[in-house]
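Let's take a walk through this structure together. Have a look at it first, and then read on.

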Amino acid sequence: MNNNRPYYEQIEAFLSGYLAPDQRAAMEKALLEDSELAREVELRRLEFDVSEALIAQNIRDQLVRLRTSPSPETQPPAIQPYKFRPLLWLIAALLSIAAIGIYWWNQQAIPIIEKVPSSAPQQTPPVLENTVPIQPQEEKPPTQPAQKNTSKKSKNESAQPLALATTLYQRPDLETLRGTVPMTNDVYQVALSAWEKQDYVAVVATLQNVTTNDPKWLRAATLLAHAQFNLKYFAQAAQGFSAIADRKIRPWSEEAEWYVLLALLADGKAGTTNFRTRLEQVLADEGHPYFEETRELKANLAKH
Amino acid sequence: MLGSVKQREEIFAYLYQSSGWREWVVRHVSYEGGDEPAGEDVFQEVLILFDRNIREGRFSKESSLQTYFLGIAKQWWFNRRRVARPVPLSPEYDQPVHDNPERMALRQERQDMIEHILSNLGEHCKKVLELYKLSLSNEEIAQELGLSSPEMAKKYTYRCREKFKAFVLGRKDILEHLDIQLEP
């Protein structure tokens with residue numbers, strides 16, 4: 001087999017018919033002499049056939065969709081905009097008046113709020129699932145006793161996991177999250193544009209109301225959790241990534257399984273059962289795409 | 001057809017809706033003893049063959065793409081009719097028949113095996129194998145699957161292909177069909 005290593009590397013070219021005649025002849029000769037090479041070729045040939053069957057099925061599915069959808073010729077003509085132009089102008093005018101009114105009202109309202117005595121309890125919006133906190137977690141005012149009591153670690157102790165988590169964290173590539181068929185004017189696209197500008201607050205604000213029923217929920221939830229991580233809302237990021245991981249829909253779940261570890265780590269939760277369980281789950285699967293990273297993370301944590 | 005998934009879908013939509021090739025195939029099949037559904041069926045299967053031939057570089061550019069496509073369609077319908085109901089050959093179609101009962105049985109057996117493998121592959125791995133076979137780059141695969149990086153796509157592709165291999169190597173019946181002897 002070792003003598004035939006060059007042939008072994010040319011299996012795909014052989015099966016695809018890309019080899020020159022002399023190379024092809026050499027490969028055919030090698031196949032007769034080397035059973036391991038012959039086995040690899042047959043396995044690869046079968047993989048090719050399976051893949052082609054999938055491609056064929058995809059084409060069939062698309063043609064079925066085309067048959068059931070109206071062809072461009074039979075589609076109804078586009079709405080003639082000029083017929084509705086007066087109505088559009090009217091709506092635009094009303095919206096402008098409303099916007100000016102709201103702006104004026106806000107301007108009037110600001111001094112009243114400022115007059116509230118500082119001793120009055122500060123109103124904080126209720127923290128709902130997948131909603132945006134007003135401030136990043138680390139900057140929460142010490143008026144929240146629950147957090148105050150639980151955070152007994154010194155700054156140095158919590159800084160190490162945080163530094164480790166942020167070092168290991170990689171900002172996902174926008175283009176891969178965008179998908180192949182981007183739709184315009186949907187919240188996901190708006191959020192992606194904000195992500196591109198690193199406006200994470202806008203990302204969170206845009207995606208906070210996307211529900212699990214939405215076909216783009218997985219992408220949106222992933223983006224939302226990443227934005228929360230970048231805003232240092234680690235607890236919420238961990239919650240978001242956990243929800244995706246627990247869905248067990250690959251590849252989303254596997255990526256989320258890694259990021260939930262980082263979010264928990266950054267949030268100072270590396271000592272929790274949740275963290276350890278999730279860490280061991282990844283390590284139980286040697287084929288996990290983040291197996292190596294997780295193993296290194298575990299070794300790193302053991303050092304401290 | 002050599003482009004991205006989106007570009008491929010656009011070209012298939014064009015060929016189906018606007019090229020006029022489908023209408024030609026349906027007319028030809030109807031004229032040659034078939035009907036409209038049979039013509040639609042031929043168009044679909046020929047499109048699959050055509051796509052594969054283009055991707056694998058079998059189109060020699062000696063004719064136009066249209067002539068090439070319609071030529072495949074004529075041959076395809078001719079072969080199908082001959083299998084279903086032997087008919088006298090017209091000189092135009094007088095070409096050797098490559099199929100014999102044994103070959104057809106083997107092909108059917110392989111087809112069944114492929115169906116079986118497909119039913120055991122996860123949806124994600126199916127998509128990965130398909131994209132890999134379309135010769136998409138790791139970056140394009142990452143984009144299709146919504147992965148965070150081309151490196152992730154590479155990992156997933158490798159992993160799915162290894163899974164496929166492990167599945168096949170774990171099945172005696174498949175190995176026998178492939179005439180593969182495992183090392184002792």
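A word on the ground rules. This is a predicted model, where local features need pLDDT of at least 70, side-chain atom pairs count only at pLDDT 80 or more, and totals for chains, interfaces and linings use all residues. Residues are numbered from 1 along each chain as its sequence is written, while chains are lettered from A and ligands numbered from 1 in the order in which they are written.

Let's begin with chain B. You'll find nine helices and zero strands there; helices (H or I, at least four residues) and strands (E, at least two) are DSSP runs, numbered from the N terminus. Of its 184 residues, 23% count as buried. A residue is buried if 20 or more other C-beta atoms lie within 10 Å of its own, exposed if 12 or fewer, and partly exposed in between, with C-beta atoms placed from the backbone.

Now for the place where the chains touch. Chain B brings 43 residues to the contact and chain A brings 40 residues; two residues are in contact if their C-beta atoms, placed from the backbone, lie within 7 Å. On the side of chain B, helices H1 (5-17), H3 (36-55), H5 (101-120), H6 (123-133), H7 (138-145) and H8 (150-169) each supply at least two residues. H8(B) has the largest share, with eight residues. Sorted by class, this side of chain B holds 21 nonpolar, nine polar and 13 charged residues. Here Ala, Val, Leu, Ile, Met, Phe, Trp, Tyr, Cys and Pro count as nonpolar, Asp, Glu, Lys and Arg as charged, and the others, Gly among them, as polar.

Next, the cores. A nonpolar core is a set of buried Ala, Val, Leu, Ile, Met, Phe, Trp, Tyr and Cys residues joined through C-beta atoms within 7 Å. The largest has 41 residues, and those with the most contacts inside it include A:Ala191, A:Leu224 and A:Phe241. Helices of chain A that give two or more residues to this core include H9 (187-196), H13 (252-266) and H14 (273-283). H13(A) gives the most, with 11 residues. As for A:Ala191, it touches A:Val203, A:Thr206, A:Leu207, A:Ala220 and A:Leu223, leaving aside residues up to four places away in sequence. Apart from this core lies another, of 20 residues, among them A:Leu46, A:Leu54, B:Leu134 and B:Tyr156.

How do H13(A) and H14(A) pack? Their angle is about 150°, with the axes 10 Å apart. That makes H13(A) roughly antiparallel to H14(A). Axes are lines fitted to C-alpha atoms, for helices over the stretch in contact, and angles run from 0 to 180 degrees between N-to-C directions. Angles under 35 degrees count as roughly parallel, over 145 as roughly antiparallel, 65 to 115 as roughly perpendicular and the rest as oblique. Among the residues that meet here are A:Trp258 and A:Leu261 in H13(A), and A:Phe275 and A:Leu279 in H14(A). The residues of this contact divide into seven nonpolar, two polar and two charged.

H14(A) also packs with H15(A) (residues 291-303), at an angle of about 135° and with axes 9 Å apart. H14(A) and H15(A) are therefore oblique to each other. Here A:Leu279, A:Val282 and A:Leu283 in H14(A) meet A:Phe291, A:Thr294, A:Arg295 and A:Lys298 in H15(A).
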